[in-house]
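Biologist: I would like to learn how to read the features of a model such as this one. Please take them one at a time, with the general idea and then the case.

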Amino acid sequence: MGSFEICTLASGSKGNCTYIKCGDTAIIVDEGLTVKELKLRAALRGIDLEKVSSVLVTHEHSDHIKGVAQFSKEFGAKVYMPLTCFETMRSRGEIISAYEHVDGFEAGFDIGDMRIVPFRLPHDARYTVGYRITDGKTDIAIATDLGFVSDNTLSKLSGCKAVILESNHDKLMLEKGRYPYPLKVRIASKNGHLSNADSAAVASQLVASGAERLLLAHLSEDNNTPELAFEATKEQLDKHGIREGEDVLLDIAYQYRPSEIIRL
Ligand SMILES: [Zn+2]
Ligand SMILES: [Zn+2]
């Protein structure tokens with residue numbers, strides 16, 4: 001009997017949402033889809049959104065918050081996020097009546113059977129976090145929207161059985177692509193997004209520390225392909241003698257369709 005169920009319902013700059021269930025507790029991380037679209041995708045995987053008690057928000061970019069207020073209202077879900085994120089949303093007129101203010105947010109808090117520990121990520125929002133989640137036996141983590149993997153980030157991802165990690169762009173595709181120069185600089189910066197190479201560089205350490213599932217997420221539609229992201233990480237795993245498909249399962253989180261449900 002597994003302890004966690006994980007499903008990325010959407011991943012990328014057009015909307016993000018990850019469903020996580022542990023015991024009787026179900027949550028989502030981010031809601032950047034319309035609620036209507038989210039319902040369709042959840043139905044494809046047999047996910048009951050009525051059981052989702054809470055929403056964790058990573059940061060205030062619209063691909064992570066677009067549907068948060070509506071979802072919270074419709075499903076009566078509590079919303080947890082950094083205070084700065086709440087303030088930004090409120091200043092834009094987004095009403096989150098079920099916002100859960102947590103004193104010492106970064107120290108962590110409990111939702112049902114899960115212990116949630118946010119950790120700060122380097123990204124160009126006011127305040128961006130990833131989340132490490134544990135039921136006391138198994139740990140998982142999600143880190144998308146980060147410019148680089150700091151020592152702190154790596155320590156927060158280490159020891160997790162499943163890690164959802166950004167693998168945003170292929171450096172060459174970004175360089176040669178159609179984006180305006182300032183946007184290229186922003187994406188490649190230390191407060192931008194992780195390249196395939198950046199993500200691949202830490203994959204072997206994550207597996208050595210216990211990761212059995214790696215889910216590459218937030219892939220750019222313009223500057224990446226699922227094949228390039230997959231191969232970049234697989235190549236690094238190969239170099240370290242780690243066999244994809246045996247020592248670890250590597251998957252891609254997609255923009256337009258839900259992932260399979262990962263069961264741990
Ligand atoms: Zn994003
Ligand atoms: Zn972002």
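Modeller: Start with His218, which sits in the loop between strand 11 (213-217) and helix 9 (226-239). Helices (H or I, at least four residues) and strands (E, at least two) are DSSP runs, numbered from the N terminus. The model is predicted: local features need pLDDT of at least 70, side-chain atom pairs count only at pLDDT 80 or more, and totals for chains, interfaces and linings use all residues. Residues are numbered from 1 along each chain as its sequence is written, and chains are lettered from A and ligands numbered from 1 in the order in which they are written.

Biologist: Is Asp145 buried or exposed?

Modeller: The count of C-beta atoms, placed from the backbone, decides: a residue is buried if 20 or more others lie within 10 Å of its own, exposed if 12 or fewer, and partly exposed in between. Asp145 has 28 other C-beta atoms within 10 Å, so Asp145 is buried. His218 counts as buried because there are 28 C-beta neighbours inside 10 Å. Over the chain, 48% of the 264 residues count as buried.

Biologist: Which strands pair with strand 9?

Modeller: Two strands pair if DSSP finds at least two bridges between them. Strand 8 (residues 128-134) runs antiparallel to strand 9, joined by 4 bridges, and Thr134 stands opposite Asp139. The hairpin of these two strands has 4 residues between them, and Gly136 there takes a positive phi near 95°. Strand 10 (residues 162-166) pairs with strand 9 in the parallel sense over 4 bridges; Ile142 has Ile164 as its bridge partner.

Biologist: Which hand does the unit of strand 9, helix 5 and strand 10 have?

Modeller: A crossover is right-handed if, with the strands pointing away from the viewer, the path from the first strand over the helix to the second runs clockwise. Strand 9, helix 5 and strand 10 make a right-handed β-α-β unit.

Biologist: In what order do the 7 strands of the open sheet stand?

Modeller: The order is 6-7-8-9-10-11-12, with mixed pairing. Strand 6 (109-111) and strand 12 (249-252) are the edge strands, each pairing on one side only. Axes are lines fitted to C-alpha atoms, for helices over the stretch in contact, and angles run from 0 to 180 degrees between N-to-C directions. With direction ignored, neighbouring strands of this sheet are turned by 25° against each other on average. Helix 9 lies across strand 11 and strand 12, at about 155° to strand 12.

Biologist: And how do the 6 strands of the open sheet pair?

Modeller: Their order is 5-4-3-2-1-13, and the pairing is mixed. Strand 5 (78-80) and strand 13 (262-263) each have a single partner strand, so one side of each is left without a neighbour in the sheet. Helix 3 (residues 68-75) packs on this sheet, touching strand 4 (52-56) and strand 5, and its direction makes about 160° with that of strand 4.

Biologist: Which residues of the largest nonpolar core touch the most other members?

Modeller: A nonpolar core is a set of buried Ala, Val, Leu, Ile, Met, Phe, Trp, Tyr and Cys residues joined through C-beta atoms within 7 Å. The largest has 70 residues, and those touching the most other members are Val55, Val57, Val79, Val163 and Leu214. Two residues are in contact if their C-beta atoms, placed from the backbone, lie within 7 Å. Leaving aside neighbours within four places in sequence, the contacts of Val79 include Val55, Val57, Ile96 and Tyr99.
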